[in-house]
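This report covers salt bridges, domains and nonpolar cores. Please look over the sequence and the model before reading on.

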Amino acid sequence: MELGLEGKVAIVTASSKGLGKACALGLSREGAKVVICARNEVELEKAKDEIKNNSNNDVLAVKADVTNPNDIKNLVEETIKNFGTVHILVTNAGGPPAGYFENFTDDDWENAFKLNFMSTVRLIREVLPFMKNQKWGRIINITSVTVKQPIDELILSNSIRMSVVGLAKTLALQLAKYNILINNVAPGYTLTDRVKFVIEQNAKSTGRSFEEVKNELAKDIPLGRLADPEELANLVVFLASEKASYITGATIPVDGGWIKGTY
Ligand SMILES: NC(=O)c1ccc[n+]([C@@H]2O[C@H](COP(=O)([O-])OP(=O)(O)OC[C@H]3O[C@@H](n4cnc5c(N)ncnc54)[C@H](OP(=O)(O)O)[C@@H]3O)[C@@H](O)[C@H]2O)c1
């Protein structure tokens with residue numbers, strides 16, 4: 001399938017590792033000029049080299065913390081300076097800490113709001129003028145299966161990510177006339193560095209092996225395994241493409257069948 005991504009300019013945030021990096025690599029392989037960001041510059045440069053070596057396409061790396069409004073402005077300014085416009089925005093950030101209602105203070109709630117909601121608002125605000133002007137845009141927010149089925153100990157993720165769904169649905173209706181499509185993807189358990197770390201910690205604290213803990217997580221997944229980051233990226237690349245021209249306002253899981261609901 002010809003995806004029509006050759007020469008398109010894509011910003012993928014929080015992309016030196018994990019899901020973000022897999023999305024950036026997927027878009028770059030399809031011919032997009034990709035802009036990546038993260039806070040740790042060493043890891044960011046490593047990711048840039050890895051993506052470039054695997055795609056032979058232009059990659060721009062800009063150090064940025066998505067909780068910092070000035071960093072977001074600078075990220076978009078650098079994109080425009082180097083590539084002239086932006087066609088695709090993939091919003092991603094770190095995850096809020098795990099815990100229950102009793103564990104969190106106002107500061108924790110506000111930090112999660114800044115990390116997972118305000119970063120999305122600010123990124124969209126900065127790219128919209130370019131997308132409106134060219135009457136073409138794709139915005140894809142990386143959320144979580146928690147927006148379809150809450151996970152007990154992830155109250156911050158369950159709550160704050162729902163606001164991204166509300167934002168995207170509202171904007172999908174308002175931006176359709178500019179041919180700007182906005183969708184959310186909802187990853188399930190995916191073997192990124194973050195998830196490997198969580199499995200390792202759990203294995204250490206319970207005296208089990210990495211494989212035992214991983215298999216326990218996979219028990220509730222009908223496909224019987226955790227996802228590879230590339231499997232989420234494949235959907236993001238499709239949603240960013242010309243071929244996804246009639247999909248907007250959707251929230252699509254990539255969860256191996258983990259969500260039990262039918263909506
Ligand atoms: N993996 C899963 O199973 C899964 C499932 C559902 C949802 N999610 C969500 O998907 C997102 C990505 O998860 P992941 O598993 O890919 O994590 P990961 O492997 O830890 O990668 C996170 C990436 O985000 C960057 N980052 C974190 N905070 C940032 C910030 N404030 N500003 C800019 N960059 C930032 C990190 O680089 P620096 O630390 O250098 O900034 C790194 O490049 C998270 O929100 C997570 O909760 C993951």
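## Salt bridges

Glu211 and Lys214 join their side chains in a salt bridge, at 3.5 Å from N to O. The term means a side-chain nitrogen of Lys or Arg within 4 Å of a carboxyl oxygen of Asp or Glu. Both residues sit in helix H7 (residues 210-218), three residues apart, about one turn of the helix. Helices (H or I, at least four residues) and strands (E, at least two) are DSSP runs, numbered from the N terminus. Glu211 is partly exposed, at 41% relative accessible area. Lys214 counts as buried, at 19% relative accessibility. Here buried means under 20% relative accessible area, exposed over 50%, and partly exposed in between (1.4 Å probe, protein chains only).

By this rule there are eight salt bridges. One of them links Glu78 and Lys81, with the closest N and O atoms 3.0 Å apart. Glu78 and Lys81 are three residues apart in helix H3, so about one helical turn separates them. Lys81 is exposed, at 64% relative accessibility. Another salt bridge joins Arg208 to Glu216, with the closest N and O atoms 2.8 Å apart. Arg208 is partly exposed, with a relative accessible area of 26%. Glu216 is also partly exposed, at 41%. Side chains of opposite charge can pair when their charged atoms come close.

## Basis of the model

The model is predicted: local features need pLDDT of at least 70, side-chain atom pairs count only at pLDDT 80 or more, and totals for chains, interfaces and linings use all residues. Residues are numbered from 1 along each chain as its sequence is written, and side-chain values use heavy atoms, leaving out hydrogens and water.

## Two domains

The domain assignment gives domain 1 (9-190 + 229-254) and domain 2 (191-226). Such bounds come from an automatic or database domain assignment. The two centres, taken over C-alpha atoms, are 25 Å apart. Eight residues from domain 1 and nine residues from domain 2 make the contact, which is defined by heavy atoms within 4.5 Å.

Domain 1 and domain 2 bury about 710 Å² between them, 56% of it on carbon and sulfur atoms. Buried area is the accessible area (1.4 Å probe) that two parts lose on being put together, summed over both. Tyr189, Thr190 and Glu231 supply 64% of the area that domain 1 buries against domain 2, more than any other three residues.

The rule finds one salt bridge across this interface. Glu231 and Arg225 meet through their side chains in a salt bridge (2.9 Å, N to O). On the domain 1 side, helix H1 (18-29) and helix H8 (229-240) each supply at least two residues that touch domain 2.

## Nonpolar cores

The largest nonpolar core has 38 residues. Such a core is a set of buried Ala, Val, Leu, Ile, Met, Phe, Trp, Tyr and Cys residues joined through side-chain atoms within 4.5 Å. Ile11, Leu89, Ile124 and Ile139 have the most contacts inside it. Elements giving two or more residues to this core include strand E1 (9-12), helix H3 (69-83), helix H4 (106-134) and strand E6 (180-187). H4 gives the most, with ten residues.

Ile139 touches Leu89, Ile124, Leu128, Met131, Ile180, Leu181, Ile182 and Asn183, not counting residues up to four places away in sequence.
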